[in-house]
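Work through the exercises below with the model open beside you. Try each task before reading its solution.

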Amino acid sequence: MAVTQTVPCVQALAASWTAGSFTLEPVTAEIRPGRLVAIIGASGAGKTTLLELLAGVREPTSGQVTHPPDIGFVPQDDIVHTHLPLDRTLSYAARLRGEPPAVDEVLATLGLTDRARATVATLSGGERKRASIAVELLGQPDVLFLDEPTSGLDPGTGKDLVRNLRLLADAGRTVVYTTHNPPDIALTDQVIVLVDGRLTYSGPPDGEGTAEEIYHRLVAGEVEWSPSPVVFEPPAAPPAPRRRVPAVRQWALLTARAVELLARNRITLAILVGSPIMIALMFLMLFRPGAFDPGSPSPNTTVMILFWIAFGGFFFGLTYGLSQICDEFAILRRERRAGLGLGAYLLSKVAALLPLLCLVDALLLALLSVTDRLPDLAFGENLALFVTVALASVAALTLGLLAASAVHNPSQAALTLPMLCFPQVLFVGAFLPVPVMADVGRWFSYAMSNRWAFEALGHTAGLPALWRDGGSPLGPPLLASYEDSFDHPLWTHWSLLAGFTVLFAALTLVVLRRKAGPAR
């Protein structure tokens with residue numbers, strides 16, 4: 001994994017960045033090839049900001065930064081999936097980059113060969129940090145940037161990790177990392193010191209005493225620094241465009257990985273499959289058989305059965321979607337920098353979850369049908385029921401993916417569940433028919449995807465004829481309150497459900513593009 005000494009250096013010329021009350025004052029500095037460089041300073045000094053500017057992750061407010069086209073960036077968060085074996089994680093990462101999967105070589109470089117088959121979740125803190133580094137080394141970067149790589153590690157493990165970084169630099173690779181741990185600078189060639197957003201020193205960690213003593217003198221500004229002039233060297237030619245994996249290939253790899261993650265996370269899989277079964281069993285306990293008997297129908301019960309079927313499809317899709325994305329932001333940003341297409345990423349989530357959603361929807365309908373909780377319908381009509389519920393689930397799945405992409409963590413995603421569910425209960429028209437709602441509620445109901453699923457189910461089940469001709473005194477007045485809600489053709493409801501799916505997916509892409517940044 002060695003690199004040549006011909007790679008250009010990293011340079012910053014009066015590069016600054018401002019956001020809110022924080023300003024990183026103009027920084028002019030350079031980093032020569034094959035060096036181990038530490039950016040140090042107290043918390044809030046601007047270390048991560050400067051690192052991201054040098055790496056090209058963040059654009060400077062003013063000034064310029066140049067660096068080689070091939071860089072690796074390791075944030076503080078883990079950028080590996082915890083439920084996959086380490087070698088599988090690295091193999092997917094390499095193939096998504098379009099690189100040969102040189103997994104064994106990278107593992108050997110970082111001393112992880114004996115942990116290749118271990119699930120990432122079982123790795124120690126230091127091993128997991130090295131796993132994140134391994135993912136970036138697969139791209140054979142000229143410069144490797146790391147944000148607080150020793151944070152959260154015990155002193156011995158942190159020291160071992162810095163030794164690994166020293167070996168990478170000795171092999172010719174430039175390594176730049178941030179730290180607020182004094183011993184981390186002992187093996188460095190260069191330190192860049194920031195104090196309150198201002199560059200105060202850039203040079204070798206010279207001086208007498210221990211690494212801790214040198215660190216504190218640097219941060220305190222006790223070392224006199226006469227900055228040497230920096231000759232800014234713009235690239236001679238724009239870098240050649242990075243070879244990207246085709247979108248279809250990305251989608252196939254991401255779908256395979258999503259399915260494997262789902263299969264290996266058995267607790268999550270059991271919840272995803274088990275919760276619909278529990279809901280179906282509760283339906284059986286709640287509703288008596290024979291509600292759709294043409295000779296003696298129960299109009300109120302038929303409304304509730306069809307509503308809860310529609311809501312069940314919505315709830316399944318929503319919860320499946322909310323369980324995605326929000327715990328993968330660090331991984332998504334890393335893969336986005338490597339050229340990942342967001343469309344392929346989003347479609348892979350749908351492709352991995354859709355078969356499972358269709359299965360639980362079919363099981364719900366089959367269980368209610370064989371226990372006489374649904375009307376006796378022909379095969380085509382039963383198929384129409386399934387298509388309606390499946391479309392409701394897919395629309396809700398993309399809504400869940402939208403919510404998951406908009407929040408920051410799984411806890412916030414869980415909090416959105418009731419906010420998204422309650423409107424789909426109140427404004428669908430089951431508890432209060434849409435025609436008799438207040439004007440605001442009636443207009444608001446148009447935005448409820450589940451309304452169209454509920455009305456499509458009522459149309460397929462033949463509720464108007466059942467209520468009108470069934471002989472129940474409740475039938476005609478109930479039908480009058482719904483007016484023509486169940487009279488529209490199926491294609492209108494299905495088109496609306498498909499439209500909601502496209503809308504939610506498009507909004508998800510907008511949010512992901514904002515949070516994950518542009519692809520390189």
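Predicted model: local features only at pLDDT ≥ 70, side-chain atom pairs only at ≥ 80, totals over all residues.

Residues are numbered from 1 along each chain as its sequence is written, and side-chain values use heavy atoms, with hydrogens and water left out.

**Exercise 1. The whole chain**

Task: Describe the protein chain by its helices and strands, its box and its buried share.

Solution: 
- Step 1. Take the secondary structure: the protein chain has 18 helices and nine strands. Helices (H or I, at least four residues) and strands (E, at least two) are DSSP runs, numbered from the N terminus.
- Step 2. Take the box along the principal axes: the C-alpha atoms fill roughly 100 × 50 × 40 Å.
- Step 3. Take burial: of the 520 residues, 52% are buried. Buried means under 20% relative accessible area, exposed over 50%, and partly exposed in between (1.4 Å probe, protein chains only).
- Step 4. Take contacts, meaning heavy atoms within 4.5 Å. Among those with a separation of 6 or more, 77% join residues 24 or more positions apart.

**Exercise 2. α8 against α9**

Task: Find how α8 and α9 pack, and which residues make the contact.

Solution: 
- Step 1. Two packed helices are described by the angle between their axes and the distance between the axes.
- Step 2. Axes are lines fitted to C-alpha atoms, for helices over the stretch in contact, and angles run from 0 to 180 degrees between N-to-C directions.
- Step 3. For α8 and α9 (residues 299–322), the angle is about 165 degrees and the axes are 11 Å apart.
- Step 4. The pair is therefore roughly antiparallel. The cut-offs are under 35 degrees for roughly parallel, over 145 for roughly antiparallel, 65 to 115 for roughly perpendicular, and oblique for the rest.
- Step 5. List the contact: α8 gives Leu272, Val273, Pro276, Ile279 and Phe283, and α9 gives Trp308, Ile309, Phe315, Phe316 and Tyr320.
- Step 6. Sort by class: 10 nonpolar, no polar and no charged residues. Ala, Val, Leu, Ile, Met, Phe, Trp, Tyr, Cys and Pro count as nonpolar, Asp, Glu, Lys and Arg as charged, and the others, Gly among them, as polar.

**Exercise 3. α9 against α13**

Solution: 
- Step 1. Phe307, Phe311, Phe314, Phe315, Leu318, Thr319 and Leu322 of α9 meet Ala413, Thr416, Leu417, Leu420, Cys421, Gln424 and Val425 of α13.
- Step 2. This contact has 11 nonpolar, three polar and no charged residues.

**Exercise 4. Ala45**

Task: Where is Ala45 found, and which residues is Ala45 in contact with?

Solution: 
- Step 1. Ala45 is in the loop between β3 (36–40) and α1 (47–55).
- Step 2. At 3% relative accessibility, Ala45 counts as buried.
- Step 3. Beyond neighbours within four places in sequence, Ala45 contacts Phe22, Leu194, Asp196 and Gly197.
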